[in-house]
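Have a look at the structure first, then read on.

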Amino acid sequence: MELKNKTILITGGTSGIGLELVQLLSERGNEIIVLGRSQHKLDDLKKRFVRISTFQCDLSQRRQVEEAMD
């Protein structure tokens, strides 16, 4: 599968494997949407990768997931 010029949602993208995916996939011209629990970490990530979109969301909270999807 060629992951170029796609819209990709990454959960947990502020550290670890998620962060590596943000970096790799954004370098390939994809539109990246990152969900994470820590607004502070999301803000730092946005400074590093200015072309991504970030949303604070705890996936264990159904209401937050529904709000993020809206």
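V22 touches I10, G13, I32, V34, F49 and I52 once residues up to four places away in sequence are left out, where a contact means heavy atoms within 4.5 Å. This is a predicted model, so keep the cut-offs in mind: local features need pLDDT of at least 70, side-chain atom pairs count only at pLDDT 80 or more, and totals for chains, interfaces and linings use all residues. Residues are numbered from 1 along each chain as its sequence is written, and side-chain values use heavy atoms, with hydrogens and water left out.

- V22 sits in helix α1; helices here are DSSP runs of H or I with at least four residues, strands are E runs of at least two, and both are numbered from the N terminus.
- With a relative accessible area of 0%, V22 is buried; the label buried means under 20%, exposed means over 50%, and partly exposed is what lies in between, using a 1.4 Å probe and protein chains only.
- One of the contacts of V22 is V34, and this pair is 12 residues apart in sequence and 7.9 Å apart in space, C-alpha to C-alpha.
- S26 is in helix α1 too, and a polar atom of its side chain lies 2.7 Å from the backbone oxygen of V22.
- Leaving out residues up to four places away in sequence, S26 touches L21, I32 and F49.

- N30 lies in the loop between α1 (16-27) and β2 (31-36).
- Is N30 buried or exposed? Its relative accessible area is 6%, so N30 is buried.
- The N30 side chain reaches the backbone oxygen of L3 at 2.9 Å, and it also reaches the backbone nitrogen of N5 at 3.1 Å.
- Not counting residues up to four places away in sequence, N30 touches L3, K4, N5, K6, I8 and L25.

- N5 is in the segment before β1, and at 64% relative accessibility N5 counts as exposed.
- The phi of N5 is near 55°, a positive value in a residue other than glycine.
- E2 is found in the segment before β1 (7-11) as well, and E2 is exposed with a relative accessible area of 55%.
- E2 and R37 are 35 residues apart in sequence and 29 Å apart in space, C-alpha to C-alpha.

- L35 is in strand β2 and is buried, with a relative accessible area of 4%.
- Apart from neighbours within four places in sequence, L35 is in contact with L9, I10, T11, G12, G13, L42, F55, C57, L59, A68 and M69.
- L35 and G12 are 23 residues apart in sequence but 6.1 Å apart in space, C-alpha to C-alpha.
- C57 is found in the loop between β3 (53-56) and α3 (62-69), and C57 is buried at a relative accessible area of 2%.
- Which residues does C57 touch, not counting residues up to four places away in sequence? They are L35, G36, R37, Q64, V65 and A68.
- C57 and Q39 are 18 residues apart in sequence and 8.8 Å apart in space, C-alpha to C-alpha.

**The whole chain**

- The protein chain has 3 helices and 3 strands, and from the N terminus on they run β-α-β-α-β-α.
- The radius of gyration is 12 Å, close to the 11 Å that the globule rule gives for 70 residues, so the protein chain is as compact as a globular protein of that length; the radius is taken over C-alpha atoms, and the rule is 2.2 Å times the number of residues to the power 0.38.
- Along its principal axes, the C-alpha trace spans about 35 × 25 × 20 Å.
- Of the 70 residues, 27% count as buried.
- Among contacts with a separation of 6 or more, 37% come from residues 24 or more positions apart.

Notes:
A polar contact is a pair of N or O atoms within 3.5 Å; within protein, one must be able to donate a hydrogen and the other to accept it, and residues adjacent in sequence count only if both atoms are side-chain atoms.
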